[in-house]
Amino acid sequence: MARRIDVTGTGGVRLAAWEFGDPPKPDPGQDAHGAPDARGTDRDSQGPRDGRTALDGSPGVLLLHGLMGRASHWAPTARRLSGRYRAVALDQRGHGRSDKPPHASFTRGAYVDDAEAALEQLGLAPVVLIGHAMGALTAWQLAARRPDLVRGLIICDMRASALGGASQREWAQWFESWPLPFATLADVRKWFGEDDPWVERPNPARGEFYAEVMAESPDGWRPVFDPEQMLRSRETWVYDAHWEELAQVRCPALVVRGLDGELGRAEAQEMVRVLPRGQYAEVADAGHLVHYDQPEAWYAAIQPFLDGLDTE
């Protein structure tokens with residue numbers, strides 16, 4: 001089960017958080033409604049929370065997706081974690097079922113403030129933060145700023161070095177190349193899994209990943225996010241390096257990369273060196289979407305780290 005919980009981010013932006021596992025029953029008289037998630041398998045109920053844990057005494061985990069992602073991409077990981085943690089995944093601003101105000105801030109500060117607000121409103125702290133790509137950057141920036149809220153950090157395939165203006169221009173051109181609207185979800189899967197010029201070899205998992213962020217409109221299937229908002233979000237980090245914030249993370253931290261991902265081994269190992277309590281893991285046969293490409297191998301990579309946190 002995935003239970004939806006609305007939280008309020010900075011600037012009043014409404015954010016959808018999703019708690020995995022068996023949530024507490026609603027109070028008598030409290031309305032609840034169900035709706036399928038992106039895979040059409042879960043049902044969610046919505047209502048205020050009072051900060052109690054889903055399982056008495058369970059430590060909290062907050063999972064943060066990457067650019068263009070959504071909370072449901074974390075579903076396999078969150079379900080595995082829900083037996084020992086209160087596992088919550090957040091649809092970040094502009095993504096999933098969270099608000100997408102046209103004039104909202106999409107700065108690094110806004111994303112970090114949102115994650116901090118979610119931790120406090122959900123009563124998850126001290127928490128283990130798990131982030132992929134942009135979500136990993138948000139996680140380590142929050143861990144650096146608020147060490148009192150974070151007991152552990154997992155960074156999944158995110159670079160600390162500056163990517164530069166050429167990278168931003170490539171992304172803008174890539175968005176323009178999308179053959180929108182897609183006639184069917186099968187077309188979405190095929191284009192992102194096979195036909196996209198950025199795909200080096202057929203990758204069905206990548207096709208499924210993007211199918212989850214599409215919604216049907218009157219003329220076909222379009223992304224649930226605004227590509228312009230994604231570019232605005234991205235331009236707030238691609239021109240800068242983020243080593244200084246890594247060095248300020250005081251909790252144990254694990255850097256995980258896919259063998260064929262965007263984070264190279266040399267940079268990943270340098271990130272581990274810069275982190276005061278850094279550790280390293282890599283997942284074979286995985287690209288940038290490590291947790292989605294190889295969910296079992298990904299979980300096997302992070303489990304020893306989580307076990308170590310629980311013994312501290």
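The following is a conversation about a predicted model and the terms used to describe it.

Visitor: What should I know about the model before we start?
Guide: The model is predicted: local features need pLDDT of at least 70, side-chain atom pairs count only at pLDDT 80 or more, and totals for chains, interfaces and linings use all residues. Residues are numbered from 1 along each chain as its sequence is written, and side-chain values use heavy atoms, with hydrogens and water left out.

Visitor: How many helices and strands does the protein have?
Guide: There are 11 helices and 10 strands. Both are DSSP runs numbered from the N terminus, a helix being H or I over at least four residues and a strand being E over at least two.

Visitor: Why is Cys-156 called buried?
Guide: Buried means under 20% relative accessible area, exposed over 50%, and partly exposed in between, with a 1.4 Å probe and protein chains only. Cys-156 has 0% relative accessibility, so Cys-156 counts as buried. Cys-251 is also buried, because its relative accessible area is 9%. Of the 312 residues in the protein, 53% are buried.

Visitor: How many disulfides are there?
Guide: A disulfide is a pair of cysteine sulfur atoms within 2.5 Å. By this rule the count is 0.

Visitor: Why is Ala-166 called partly exposed?
Guide: Ala-166 has a relative accessibility of 39%, and therefore counts as partly exposed. Ala-166 lies in helix 4, residues 165-177. Its C-alpha atom is separated by 9.8 Å from that of Tyr-239, 73 residues apart along the chain.

Visitor: Which residues of helix 9 are buried, and how do you know that they line one face?
Guide: In helix 9 (residues 265-274), the buried residues are Glu-267, Ala-268, Met-271, Val-272 and Val-274. Seen down the helix axis, they fall within an arc of 165°, so they line one face of helix 9. The arc is that of the directions from the helix axis to the C-beta atoms. Ala-266 and Arg-273 are exposed, on the face turned away from the buried side.

Visitor: What covers the buried residues of helix 9?
Guide: The cover includes helix 3 (134-145), strand 6 (150-156), helix 8 (243-247), strand 9 (253-258) and strand 10 (278-283). Contact means heavy atoms within 4.5 Å.

Visitor: What makes strand 1 and strand 10 edge strands?
Guide: Two strands pair if DSSP finds at least two bridges between them. The open sheet has 8 strands in the order 1-2-4-3-5-6-9-10, with mixed pairing. Strand 1 (2-8) and strand 10 each pair on one side only, as edge strands. Strand 6 and strand 9 are parallel and joined by 4 bridges; Leu-153 stands opposite Ala-253 in strand 9.

Visitor: What makes a nonpolar core, and which residues have the most contacts inside the largest one?
Guide: A nonpolar core is a set of buried Ala, Val, Leu, Ile, Met, Phe, Trp, Tyr and Cys residues joined through side-chain atoms within 4.5 Å. The largest has 69 residues, and Met-68, Trp-140, Leu-153 and Ile-155 have the most contacts inside it. Helix 3 gives the largest share of this core, 8 residues. A second, separate core of 31 residues includes Ala-2, Ala-16, Ile-130 and Trp-298.

Visitor: Why is Leu-137 called buried?
Guide: The relative accessible area of Leu-137 is 0%, so Leu-137 is buried. Its place is in helix 3. Not counting residues up to four places away in sequence, Leu-137 touches Arg-108, Met-158, Trp-237 and His-242.
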